[in-house]
Amino acid sequence: MAASDPASELAETHAKLQPMLQALAKANWIDDETAAELTEAYWFLRDVEHRIQMEKMRRTHLMPTDELSLRRLARAVGIADAGELRARWRDATRRVLGLQQRWPVLPGWRVWRLPGVGQRPERQGLRGWPVLC
């Protein structure tokens, strides 16, 4: 299986995101404010995910848990320190989950829940936290 081209994936995602959110708004599932929140959170979480994958040189969806990796990741996404990165990641993740949980769940849809929000992942036996929900 050939590796995918990140630039073309990004362009494809960018081209689909706005029409998808507009369709949700037209169907009265979300309003403009929700669409803006989802867009902002999506691009932040996607940037974090890509930076993690670039460092690991493989696809992964887990947030690092060690302080050194978090500091490196924070610098890579233009954030001052690991604490601020954690706070912004938690905020974006909670906003997306909160918005998602207000929608009706349709057959075949999966509502993601973040296990143990507010707990340290090491106490849960997790290697890392999921980056995108």
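Let me begin with Gln-53, which is found in helix α2; helices here are DSSP runs of H or I of at least four residues, strands are runs of E of at least two, and both are numbered from the N terminus. Before going on: this is a predicted model, where local features need pLDDT of at least 70, side-chain atom pairs count only at pLDDT 80 or more, and totals for chains, interfaces and linings use all residues. Residues are numbered from 1 along each chain as its sequence is written, and side-chain values use heavy atoms, with hydrogens and water left out.

Is Gln-53 buried or exposed? Gln-53 counts as buried because its relative accessibility is 15%; buried means under 20% relative accessible area, exposed over 50%, and partly exposed in between, with a 1.4 Å probe and protein chains only. Leaving out residues up to four places away in sequence, Gln-53 touches Arg-58, Arg-59, Thr-60 and His-61, where contact means heavy atoms within 4.5 Å.

Also in α2 is Glu-37. With 22% relative accessibility, Glu-37 counts as partly exposed. Beyond neighbours within four places in sequence, Glu-37 is in contact with Arg-95 and Leu-99. Glu-37 and Val-96 lie 59 residues apart in sequence, yet 8.0 Å apart in space, C-alpha to C-alpha.

Now the core. The largest nonpolar core has 23 residues, and Phe-44, Val-48, Met-63 and Leu-85 have the most contacts inside it. Such a core is a set of buried Ala, Val, Leu, Ile, Met, Phe, Trp, Tyr and Cys residues joined through side-chain atoms within 4.5 Å. Two or more residues each come from α1 (6-26), α2 (32-56), α3 (67-76) and α4 (82-101). The largest share, eight residues, comes from α2. Not counting residues up to four places away in sequence, Phe-44 touches Ile-79, Leu-85, Arg-88, Trp-89 and Ala-92.

On to α3. Its buried residues are Ser-69, Leu-70, Leu-73 and Ala-74. These cover an arc of only 135° around the axis, so they are on the same side of α3; the arc is that of the directions from the helix axis to the C-beta atoms. Their cover includes α2, β1 (62-63) and α4.

Last, α3 against α4. Their axes come within 8 Å and cross at roughly 75°; axes are lines fitted to C-alpha atoms, for helices over the stretch in contact, with angles from 0 to 180 degrees between N-to-C directions. Glu-67, Leu-70, Arg-71, Leu-73 and Ala-74 in α3 meet Ala-82, Leu-85 and Arg-86 in α4. Just after α3, Gly-78 takes a positive phi of about 80°.
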